[in-house]
Amino acid sequence: MKLKYDCPAPSKYGKDLPLWKTATTCFLRIVKECTLQIDAMGEQITDERIEGIWRQILDVFRGGILADCSIAETFPLEVQESEENFDLALIASLEIDVVPHLAISRVPDVLIAQLGKILL
């Protein structure tokens with residue numbers, strides 16, 4: 001996801017979605033399910049594992065949000081709008097599927113601060 005427009009072509013022939021879009025879509029599904037399962041499993045997951053999971057999730061969000069999108073400025077306006085709408089799905093997932101779950105006491109404050117830095 002952090003390669004975004006530098007990703008290789010998704011297929012040699014055909015009109016498949018760019019790899020970064022496929023990766024983003026899959027990641028968003030995984031994050032939604034993962035946060036639900038973390039809540040459902042509760043104390044069965046160690047604090048260290050909780051921290052590790054959240055570190056990985058936030059790292060992928062960082063890559064997606066901070067990816068170099070400068071090439072998109074050369075796209076036609078309708079393509080730019082489509083790309084922007086796709087990126088908004090990433091932000092919406094962050095708002096809906098991540099932020100509410102970070103409030104649990106088992107998530108270290110340093111990770112919450114890391115999210116703030118990503119969003120700045």
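Predicted model: local features only at pLDDT ≥ 70, side-chain atom pairs only at ≥ 80, totals over all residues.
Student: Before I look for aromatic pairs, how close must the ring centres of Phe, Tyr and Trp lie to pair?
Tutor: Rings of Phe, Tyr and Trp, with the six-membered ring taken for Trp, pair if their centres lie within 6.5 Å.

Student: Okay, and how many aromatic pairs does the structure hold?
Tutor: There are 2 aromatic pairs in the structure. In one of them, W20 and F86 sit 5.4 Å apart, centre to centre, with 85 degrees between the planes, and this pair is edge-to-face.

Student: Where in the chain are W20 and F86?
Tutor: W20 belongs to helix α1, residues 19-41, while F86 belongs to helix α3, residues 77-102, so the pair links distant parts of the chain, 66 residues apart.

Student: Is W20 buried or exposed?
Tutor: W20 counts as buried, because its relative accessibility is 4% and the cut-off for buried is under 20%.

Student: And which residues form the other pair?
Tutor: F27 and F61 form an aromatic pair that is also edge-to-face, with 5.1 Å centre to centre and 70 degrees between the planes. This pair, too, links distant parts of the chain, as F27 lies in helix α1 and F61 in helix α2, 34 residues apart.

Student: Are those two buried or exposed?
Tutor: F27 is buried, with a relative accessible area of 11%, and F61 is buried as well, with a relative accessible area of 0%.

Student: Switching to helices, at what angle do α2 and α4 pack?
Tutor: Helix α2, residues 47-65, packs against helix α4, residues 109-119, at an angle of about 5 degrees, and their axes are 10 Å apart. Angles under 35 degrees count as roughly parallel, which means that α2 is roughly parallel to α4.

Student: Which residues meet there?
Tutor: From α2, the residues are E51, W54, R55, L58, R62 and I65, and they meet V110, L111, Q114, L115, I118 and L119 of α4. Sorted by class, this contact has 8 nonpolar, 1 polar and 3 charged residues.

Student: Last topic, how many disulfides are there?
Tutor: The structure holds 0 disulfides. For C34, the nearest cysteine sulfur is that of C26, 15 Å away, whereas a disulfide needs a pair of cysteine sulfur atoms within 2.5 Å.

Student: How accessible are C34 and C69?
Tutor: C34 counts as partly exposed, at 21% relative accessibility, and C69 is likewise partly exposed, with a relative accessible area of 28%.

Notes:
Residues numbered from 1 in each chain as written. Heavy atoms only, no water. Axes fitted to C-alpha atoms, helices over the stretch in contact; angles between N-to-C directions. Helix = DSSP H or I, 4+ residues; strand = E, 2+ residues; numbered from the N terminus. Parallel < 35°, antiparallel > 145°, perpendicular 65-115°, else oblique. Contact = heavy atoms within 4.5 Å. Nonpolar A, V, L, I, M, F, W, Y, C, P; charged D, E, K, R; others polar. Buried < 20%, exposed > 50% of the residue type's maximum accessible area, 1.4 Å probe, protein only. Phe/Tyr/Trp six-rings, centres within 6.5 Å; stacked < 30°, edge-to-face > 60°.
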